[in-house]
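Subject: Structure handover

Hi,

Here is the structure for you to look over. My notes on it follow below.

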Amino acid sequence: MKVAYFAHLNLDELTGVFKKIISQVRVWQKVGHQVRLFVVTRNIRVAQSIREGFPETSVAFYHSGSIKDRLRAFAEALDSVREMSPDVVYLRRDLFYPQTYNLAGSFPVVVEINSEELGELWLHNKVQWVYHMCTRPILDKRVRGMVFVTHELTTKGYYGRLRLPKIAIGNGID
């Protein structure tokens with residue numbers, strides 16, 4: 001199976017998030033899937049580390065935090081995914097970007113949910129919290145399924161009400 005793993009990742013190689021993504025790609029490759037990682041980042045160390053470990057990876061780098069640069073990088077990454085023409089896109093949950101919505105219109109997309117992101121956003125950035133509240137259903141109407149890190153998240157609140165295939169798979173791959 002051809003899998004495109006799509007992630008917006010600004011946390012460096014020392015973080016659990018980075019390590020999990022790399023581990024997940026390697027496990028899927030080990031069991032015979034053709035996996036390609038597509039990363040959008042503004043962190044030059046992330047871009048370098050991923051390119052060193054996975055030369056076939058597409059990294060869309062944006063230099064500033066401006067929304068214009070970020071949207072350009074997402075568009076570039078989406079073009080790379082289209083070139084691959086995967087059987088499925090595995091999308092790590094992020095804020096809504098029009099490009100990920102377009103991706104879900106072109107390919108089957110499965111979204112990975114790692115936390116109750118609204119609670120985290122509320123503590124971090126109220127504007128992003130409002131944006132996410134308003135926009136996450138737009139993408140979720142197009143996805144084919146969701147993978148959660150805990151069973152509790154599959155049944156809780158918003159996610160419990162979604163009528164999508166769901167599965168809980170813990171982070172401990174190794």
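A contact here means heavy atoms within 4.5 Å. On that basis, and leaving out residues up to four places away in sequence, Gln-99 touches Leu-71, Phe-74, Ala-75 and Leu-78. Please keep in mind that this is a predicted model.

More on Gln-99. This residue sits in helix H4, which covers residues 98-106. Is Gln-99 buried or exposed? Its relative accessible area is 12%, and buried means under 20%, so Gln-99 counts as buried.

Next, helix H2, residues 44-53. Looking down the axis of H2, the buried residues fall within an arc of 100°, so they line one face of the helix. The N-terminal end of H2 is capped by Asn-43. A side-chain oxygen of Asn-43 lies 2.9 Å from the backbone nitrogen of Arg-45.

Now a helix pair. H5 spans residues 117-124 and H6 spans residues 126-140. How do they pack? The angle is about 150°, and the axes are 6 Å apart. Angles over 145 degrees count as roughly antiparallel, and H5 and H6 are therefore roughly antiparallel to each other. From H5, the contact involves Glu-117, Leu-118, Leu-121, Trp-122 and His-124. From H6, the partners are Lys-126, Gln-128, Trp-129, His-132, Met-133 and Arg-136. By type, the residues of this contact divide into five nonpolar, three polar and three charged.

- Ser-85 lies in the loop between helix H3 (67-84) and strand S4 (88-92). Its phi is near 55°, a positive value in a residue other than glycine. Ser-85 counts as partly exposed, at 39% relative accessibility.
- Gly-170 lies in the segment after strand S7 (166-168). Gly-170 is partly exposed too, with a relative accessibility of 46%. From Leu-123, Gly-170 is 47 residues away in sequence and 24 Å away in space, C-alpha to C-alpha.

Best regards

Methods: Residues are numbered from 1 along each chain as its sequence is written. This is a predicted model: local features need pLDDT of at least 70, side-chain atom pairs count only at pLDDT 80 or more; totals for chains, interfaces and linings use all residues. Side-chain values use heavy atoms; hydrogens and water are left out. Buried means under 20% relative accessible area, exposed over 50%, partly exposed in between (1.4 Å probe, protein chains only). Helices (H or I, at least four residues) and strands (E, at least two) are DSSP runs, numbered from the N terminus. The arc is that of the directions from the helix axis to the C-beta atoms. A polar contact is a pair of N or O atoms within 3.5 Å; within protein, one must be able to donate a hydrogen and the other to accept it, and residues adjacent in sequence count only if both atoms are side-chain atoms. Axes are lines fitted to C-alpha atoms, for helices over the stretch in contact, and angles run from 0 to 180 degrees between N-to-C directions. Angles under 35 degrees count as roughly parallel, over 145 as roughly antiparallel, 65 to 115 as roughly perpendicular and the rest as oblique. Ala, Val, Leu, Ile, Met, Phe, Trp, Tyr, Cys and Pro count as nonpolar, Asp, Glu, Lys and Arg as charged, and the others, Gly among them, as polar.
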